[in-house]
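Subject: Structure handover

Hello,

Here is the structure I said I would pass on. My notes on the charged side chains follow below it.

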Amino acid sequence: GTVDYAKQIAEFSRLRKAREAMQAALARLEDMEQMPKIGEIQGDLEAKLWAAQDNTEAKKLRAPEEIVWSTIERVKRGQTKVVGACNKFITDIDKLLGPLEPGTFNLLAARPAMGKTATAVSLAYGYAANAHPSLYLHAEMTGEQMDMRSTANLAFAMNAGLTHEKLRSGDLTPAELRKLQELAVASKTLPIDFYETGRCDITKLDSIVGRACAKWEAMGRKLEVVFVDYIQRYSTKSMIGTKDTDPRLKTNAVSEFLVALAQRREVAVFALSQLSRKCEERPDKT
């Protein structure tokens, strides 16, 4: 099936990276002008082979001087421009988290019916309003349900006075309907897309994010923020060594996947997670 085919492609990718690592090691061994050091070559080869196994990029040893110079470069970037995405609507989030930097993973967790989605949608629109291309992936709500939810949030942010209840019931006056139409025109410039994923396997998200990255790159821009709503709605069946039966293991597996996705795609990931109500039954509430 499709999952087996995807696993086969991933295995071919790992084998290709392993072959390239060994070819590079052989080339260094044959370069006698550079006086190859066996220990360094062995260490680099092992790092690349482990990276191929995990399907990640190989890391290298870093000396203190290199670390400090890297920090100096980061400081210089921070002096010339804001590094990361800032929010236009909910500015307090910048005070708490700072600008959302590429490659970071952020988690918004709360019990059911505490307003996770409403908060996340408002945050997403806030980053888009500050010209940061964003993507909102949702697995629980249908497209129509999310349309009404996100429209109500945007209407509130823009002082249009259109509540979710009004939109859901259709009880709008002619003046309110005109406001809604004006909101549609005003929202045209916001660089954000919503995507109804359904309860799919988590590995599908990498493809969706990849397409979004390509879309913005074609326009000379870069996808900066990705929202995932929410972790427990995604399956991990295609991930080797994971099971969907244990909620904690599944949540950990999805989180680890999203951390890797954020780093590989160089985007800030903002994921939602639902906490169990059982914590209320415990003496320490944890």
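**Salt bridges**

Lys95 is exposed, at 70% relative accessible area (buried means under 20%, exposed over 50%, and partly exposed in between, with a 1.4 Å probe and protein chains only). Its salt-bridge partner is Asp92, with the closest N and O atoms 3.6 Å apart; a salt bridge here is a side-chain nitrogen of Lys or Arg within 4 Å of a carboxyl oxygen of Asp or Glu. Asp92 is partly exposed, at 45%. Both residues belong to helix H4 (residues 92-97) and sit three residues apart, about one turn of the helix. Helices (H or I, at least four residues) and strands (E, at least two) are DSSP runs numbered from the N terminus.

This is a predicted model: local features need pLDDT of at least 70, side-chain atom pairs count only at pLDDT 80 or more, and totals for chains, interfaces and linings use all residues. Residues are numbered from 1 along each chain as its sequence is written, and side-chain values use heavy atoms, without hydrogens or water.

The whole structure has six salt bridges. Another of them joins Asp193 and Lys215, at 2.5 Å from N to O. Asp193 is in strand S3 (residues 192-196) and Lys215 in helix H9 (residues 204-218), so this pair ties together parts 22 residues apart in sequence. Both are partly exposed, Asp193 at 26% and Lys215 at 35%.

Regards
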